[in-house]
Amino acid sequence: MAAERTLMAWIRTSLSMITFGFGIDRFFHYLKRTEMGTSVNAINEERVLGLSLITLGVFALAFAIVVHWNTLKKLEEEDFQYTSKWSLGITVAIVLVFIGLASYIPIITQDINMMEIFSLDSQVIQNFAFLTVFSIILTLGVELSLQNLLNFWRQPSLLIRSLLAVIVIPPLVVALTLLIFKLPEAFVSALVLLVASPGPALLTRRAAMAGARFDYIVSLQVTLAILAIVFTPLTLKFFSVLSPYDTDVNFLKVAYQVASVQFFPLSIGFAIRTIWSDSLEEISSFLRIVSNTLFIVLSIILLLIGFDVVPVLGVVPILVAIILTLLGLAIGHLFGIGYEADIQSGMAVTTIARNAGLAIFIALFKDQARVVPVIVGVLIIGIVAGLPYSIWMKRKII
């Protein structure tokens, strides 16, 4: 019966692919009849997409019948043992992935601005980003032990080194960079806002890629969130004196943003941890799956936006962003000497990781919407430039 259900599942899957193939054929036939001035080559696209799906459906159905027949024959043997040397499902999935990519590439290459599809102005994307950050911080609140946070604060050497590497040295490096390089105003504003906004909500995800210790990263993130109430306005005040650009901001607004984005979900997480302590493992596992899934989707959206944002920054700003990222990693790595590798890597990643949400909030509050895409661009450059270090440290720790 299980074999019969498997065959029926493949029949449904194959029929779906065949139906989609005919549907695409009818769609392009409709385009030709209506003569809608589209730049799509209807004949080629119809043959590639429609026939590919139809062929794949027929192929999957034919091989499913063969596998089903062989399985029934083996079931008649007394010493039957199921062995799977080749997966039809994985084969079909891989082919579908490449068919999807092949059909998606022409959309990108036909002068369609990716920002028209994935825009920072989209309320859907903004809400999705907020839900992603909220779910991650909520998960941290459930998983973080108050005792671990107190233990981190009771280590003055590690605490001071971490704060020096993350919130003291980077603003000085950026200030020196602004004195050396003549950079566009929007790029300068983006750098200043980012360096003044430590402790991003997605820090644990980036640090995990570098094999960093979880309790250290979460404790440092909460500490940075508390200090941001005072540190961010002071840093912006420092740059408003140093540079001619308006970067001053009301610290009450910053405090409200930090509280609403980080402390509120963190408090709910602590409450869940306290009230439902008996079911903590199940709740934590479920929240972790949800937050990880949302984080992956949000990362893909940001990368799609970056296709249009990063190239328009210019060669010099891109190089400056890469240099600052590498310097930040070096600073954090050096300040972490003497501690375990998982703490050292966490300190380095935290040094370059910035709270883009807070930076964007301040930019919008000061009517500097043009800076928002630049902030996203700098953020993406930093993530990509720091990826080799994360891979290297995680292999070293493992």
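**Salt bridges around R213**

**View 1. R213 and D342.** In this predicted model, R213 forms a salt bridge with D342, with 3.1 Å between the closest N and O atoms; a salt bridge is a side-chain nitrogen of Lys or Arg within 4 Å of a carboxyl oxygen of Asp or Glu. Because R213 lies in the loop between helix 9 and helix 10 and D342 in helix 14, the pair ties together parts that are 129 residues apart in sequence. Helices (H or I, at least four residues) are DSSP runs numbered from the N terminus. D342 is buried at 17% relative accessible area, where buried means under 20%, exposed over 50% and partly exposed in between (1.4 Å probe, protein chains only).

**View 2. R213 and E340.** R213 also forms a salt bridge with E340, the closest N and O atoms being 3.8 Å apart. R213 is partly exposed at 28% relative accessibility, and E340 is partly exposed at 44%.

**View 3. The network.** R213, E340 and D342 are linked in a network of salt bridges. The count comes to two salt bridges.

**Notes.** Residues are numbered from 1 along each chain as its sequence is written. Local features need pLDDT of at least 70, side-chain atom pairs count only at pLDDT 80 or more, totals for chains, interfaces and linings use all residues, and side-chain values use heavy atoms, with hydrogens and water left out.

Methods:
Helices (H or I, at least four residues) and strands (E, at least two) are DSSP runs, numbered from the N terminus.
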